[in-house]
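Let's take a friendly walk through a protein chain and look at how its charged side chains pair up. Have the sequence and the 3D view ready as you read.

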Amino acid sequence: MQHDVTAPKIIAVHLSYRSRAEQRGRVPSHPSYFFKPASSLAATGSTIERPLGTELLAFEGEIALIIGRDIRRVSPDEAWAAVSGVTAANDFGLYDFRAADKGSNVRSKGGDGYTPLGPDTIPADRIDPSALRIRTWVNGELAQNDTTEDLLFSFGQIIADLSQMMTLHTGDIILTGTPAGSSVVAPGDTVEVEVDAPNAEGSPTTGRLTTTVIEGSTPFSEVGAKPKATDAQREAAWGSREAAGLTPVLTDELREKLGSVGTATLSSQLRKRGLNNVSIDGVSGANPGTRLVGRARTLRYIPNREDLFSSHGGGYNAQKRIVDSLEAGDVLVMEARGDSTTGTLGDVIALRAQQLGAAGVVTDGGVRDIAEVRRIGLPTFHNGAHPAVLGRKHVPWDTDVTIACGGASVQPGDIVVGDEDGVIVIPPAFAVEVADAAIEQEKQEEFIAEMVSSGERIEGLFPMNDDWKERYRAWLSQQ
């Protein structure tokens, strides 16, 4: 199949497959897009260069729509008639440049050969756009397999949305997003993508789009930002920390250690390391003795404004989306500006979080259905009970962003620990060191308490001088 390399536009959708959104832990309300240059186009059988000094070249098998006539401001129902055909695409991306691009994807997605298409086109009038299949193989192993039946945004919606602001011209190409399974490839790997309509008459197919990865040999000059691979980018490119070969920050061992010591002890150890502003103030456990340890997932509410609540507060809003994406060990932390005069959590949300294995919920706002939330037993820290519904004061707005909860900054992935003294936030880089030091501190405090109970003076014992340290070591050896 031949493509005009002067195609007016290549527009790519960030997220459209539910499987990919759930893998990424965020489900968008509306489609969003970026552009790719025509110089990134390539044909089947081509090679793609992984630049010298980079490591995170990722494939994304996609369905490409080819616009067959000029359109502007079409409806979703009218949109498909403007598509001449579909073909297979691979939206390659170099995650080493993601940070340098600052969201533009110019270098990370725009390299030469980063948008191979083909080999054949399936005419649009032969297929149902909701009954297409997309599959990707890496070195012959199936890596992606999904259909368009359960897209977050239909092809008609995507085309109609884009046509609101720009004319879509004949020959424009729309890349419609990738399903779960995208990952990293290395020099020597071969990636194949095929789009077909297995239930249509004749089972039309694009054939397999084949691309081979080769190693670049030209170093980057000093004229611009250099590529940089971080653990965060590795996790995103590979699809998970485990796939990237990264040890999970909150291991079962670390979770057990943090759960064995009090937040007061952890707080004092963080203070010794210069971290004083780590407590989520004003919250308490719904049940006596409530404890939690988990990874932070974040949700931010903004003050209610009727038009914004109308557009963002109802239906499958940000609150419901993030709850549905919770995984075992997650703690949902909510920023409600310390306003406890309406609920930010109720029994249904608590029950769903518990079913998914969440470690708990922390909100500096109110909680509804408090008796039922207590009965459910999900560890919940809140700023007070209140009968009012969410919409009285709040609009669910952002998820998985840095928030302020109870006066503390909380980032996705931070470790959250709560007990009867309160809730603290531990930056992951400090977690192992702080946990070990806290365990040692509590052993020392156990010894000191035992000595005080036996009638010893506090002077020289708390804190321990050299003599008491020696006696502590002898005590410890007998435990």
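Here is a short report on the chain as a whole, followed by some of its charged residues.

## How to read this model

This is a predicted model, in which local features need pLDDT of at least 70, side-chain atom pairs count only at pLDDT 80 or more, and totals for chains, interfaces and linings use all residues. Residues are numbered from 1 along each chain as its sequence is written, and side-chain values use heavy atoms, with hydrogens and water left out.

## The chain as a whole

The chain has 14 helices and 27 strands; these are DSSP runs, numbered from the N terminus, with helices being H or I of at least four residues and strands being E of at least two. Its C-alpha trace spans about 90 × 55 × 40 Å along the principal axes. Of the 479 residues, 49% count as buried, where buried means under 20% relative accessible area, exposed means over 50%, and partly exposed lies in between (1.4 Å probe, protein chains only).

A contact means heavy atoms within 4.5 Å. Among contacts between residues at least 6 apart in sequence, 77% join residues at least 24 apart.

## Pairs of opposite charge

Side chains of opposite charge can pair when their charged atoms come close. A salt bridge is a side-chain nitrogen of Lys or Arg within 4 Å of a carboxyl oxygen of Asp or Glu, and by this rule the count comes to 31 salt bridges.

One of them joins K9 and D172, whose closest N and O atoms are 2.9 Å apart. K9 lies in the segment before β1 (10-13) and D172 in the loop between α5 (155-163) and β13 (173-175), so this pair ties together parts that are 163 residues apart in sequence. Both K9 and D172 are buried. Another salt bridge is formed by E60 and K109, with 3.1 Å between the closest N and O atoms. This pair also links distant parts of the chain, 49 residues apart: E60 is in the loop between β5 (57-58) and β6 (61-67), and K109 is in helix α4 (residues 106-109). Both E60 and K109 are buried.

## A network of salt bridges

Now find D196 and R133, which form a salt bridge with their closest N and O atoms 2.6 Å apart. D196 belongs to strand β15 (residues 190-196) and R133 to strand β11 (residues 133-138), 63 residues apart. Are these two buried or exposed? D196 is buried, with a relative accessible area of 7%, whereas R133 is partly exposed at 23%. The two belong to a network of salt bridges that links R133, R135, E192, E194, D196 and R208.

Leaving aside residues up to four places away in sequence, E335 touches L299, R300, Y301, D364, I403 and A404.

## A loop residue

Finally, D150 lies in the loop between β12 (141-147) and α5, and D150 counts as partly exposed at 45% relative accessibility. The C-alpha atoms of D150 and R18 are separated by 6.9 Å, although these residues are 132 residues apart along the chain.
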